[in-house]
Every structure is written in structure tokens, then in C-alpha cells.
Amino acid sequence: MIERPASADAPASEDFDSLLGIVEELDTPDGYKAELIRGKIVVSPWSKLRFKKPMKLLRQQLGAHAPEGHDADVAPFLFRFADSDRAYGPDLHVADEAAFEADGRHADGGALSLVAELTSVSTKDADWQDKLEVYGRQVPVYLVLDMQSEEITAFWDPSPKGYRSRTTVPFGKPLHVPAPFDFDLDTTEFAPRHAEQSPEA
């Protein structure tokens, strides 16, 4: 199994739309997704099995507080950020449902009200660097669940230079998710089950 994302340099003559078309047509193996990052097509594993519970809990809570007409989902849809020549498939997204009424296989990143990424060894660099930079210019709220450190960080207030505000709490503590959600996220069950077991278990 691939532990780290595999990438391929794009030919210099390829423009963003052409590369996006290639990403959409890739026959990726089951359990993998393709994204367009820094001019490269990157194929990485979909989330680990132990990520399912926090993703489900996150989706349920965000869905209950989503802006009107927006839906929270974990389906691996691709969102394009043409100004940055990027196309990401976030682990979880909250987006305007109208964005999914069009034909095609990717949606405009402008439809997003929130994205969440659950970091693993293979995705941590992209989640904390490339995606943070791009989301920080457009997406109202970005949540990073660091599954290794067992912390969750909220970024908000996007600007041309990136997010202006952030806060981090350990799993188990409530995290305030800013507008347009404006509620306290319960993270008590985000930690993997093994963390709750005694050393003898």
C-alpha cells in the first residue's frame, strides 16, 4: 500500500483546465483519490478506518449548524480553485447544494463554507501548508484534525494573505466553530479508541 502521496509532474504545456480534466479521468484504485496540488497530480489514500467515527461526528454536528442551503458531506468531491491552479478533494466539506446541480465532476471552491482535513502521515504537509494557504484566501472556515497530536485547529477570517485567526484545542475540549456556523463543537469522541484504554488493555 502507498504510504505517501504519489505525484507526477505535469508537462509544462498543460494548463489548469487540461490538468483538471486529467485528474477527473484518472482511474484511481479503490480507496485512493487524486488532487491537483502545486502543478502536480497527487494520488493519496482515502481516510483510514479509524477516521470514520470522528468524520461522522463532525459531519453530524456541522450539518446541524450549516448555513441555509448548505450541506455537510464526506463524499470525495473535487473542488477547484482556479486562481491558485489547485483542485482538492477535502475529507469533509460543507458547501452550497446548488453547486452540485451542474454537470461535471468538480465544483467551484467558492461554494464552500467550510472544509475539514484529518491529517495522516501521508497528507500532513499538504493539509498544513498548501491547502491552508489556498483555503485561507477563500473558504470561511478550515478545520484541521491532527490525528497524530490529537488536536483540532480552527482557522477563519480569510484574506488575500491567508486566515487572520486561529485557535487550537486538544481532543476532548469544545472548539468554537466561528460564523457562519457559530457553535461549540463537541470533540470528546474524536480520539482513537486505543487512547481511552488503560496501559494493561
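The exercises below work through a predicted model of one protein chain, each with a solution in steps.

This being a predicted model, local features need pLDDT of at least 70 and side-chain atom pairs count only at pLDDT 80 or more, while totals for chains, interfaces and linings use all residues. Residues are numbered from 1 along each chain as its sequence is written, and side-chain values use heavy atoms, with hydrogens and water left out.

**Exercise 1. The chain as a whole**

Task: State how many helices and strands the chain has, and what percentage of its residues is buried.

Solution. Begin with the elements, which are DSSP runs numbered from the N terminus (helices are H or I, at least four residues; strands are E, at least two). On that basis the chain has 3 helices and 14 strands. Next take burial, where buried means under 20% relative accessible area, exposed means over 50%, and partly exposed lies in between (1.4 Å probe, protein chains only). Of the 201 residues in the chain, 44% are buried. Finally, consider contacts, meaning heavy atoms within 4.5 Å: among those with a separation of 6 or more, 54% join residues 24 or more positions apart.

**Exercise 2. The largest nonpolar core**

Task: Find which residues of the largest nonpolar core touch the most other members, and which element gives it the largest share.

Solution. A nonpolar core is a set of buried Ala, Val, Leu, Ile, Met, Phe, Trp, Tyr and Cys residues joined through side-chain atoms within 4.5 Å. The largest one holds 27 residues, and Leu58, Leu62, Leu114, Leu143, Leu145 and Phe181 touch the most other members. The elements that contribute two or more residues to this core are α2 (52–65), β7 (92–96), β9 (112–119), β10 (141–146), β11 (151–156), β13 (175–177) and β14 (183–185). The largest share, 4 residues, is given by α2. Apart from this core lies another, of 18 residues, including Ala107, Val115, Tyr142 and Val144. As a background rule, nonpolar side chains in soluble globular proteins tend to be buried together.

To see one member in detail, look at Leu58, which, when residues up to four places away in sequence are not counted, touches Leu92, Ala116, Leu143, Leu145, Leu185 and Phe190. Helix α2 also holds Gln61, and this residue is buried, with a relative accessible area of 19%. Leaving aside neighbours within four places in sequence, Gln61 is in contact with Phe183, Asp184, Leu185, Asp186 and Phe190.

**Exercise 3. A buried aspartate**

Task: Determine whether Asp146 is buried or exposed, and name the side chain that it meets in a polar contact.

Solution. Asp146 is placed in strand β10, and with a relative accessible area of 5% this residue is buried. A polar contact is a pair of N or O atoms within 3.5 Å; within protein, one must be able to donate a hydrogen and the other to accept it, and residues adjacent in sequence count only if both atoms are side-chain atoms. Such a contact, of 3.4 Å, joins the side chains of Asp146 and Lys124. Not counting residues up to four places away in sequence, Asp146 touches Thr119, Lys124, Trp128, Glu151 and Phe171.

**Exercise 4. Backbone features in loops**

Task: Identify the cis peptide bond, and describe phi at Asp182.

Solution. The peptide bond from Ala179 to Pro180 is cis, with omega near 15 degrees, and Pro180 lies in the loop between β13 and β14. Asp182 lies in the loop between β13 and β14 as well; its phi is near 55 degrees, a positive value in a residue other than glycine. At 53% relative accessibility, Asp182 counts as exposed.
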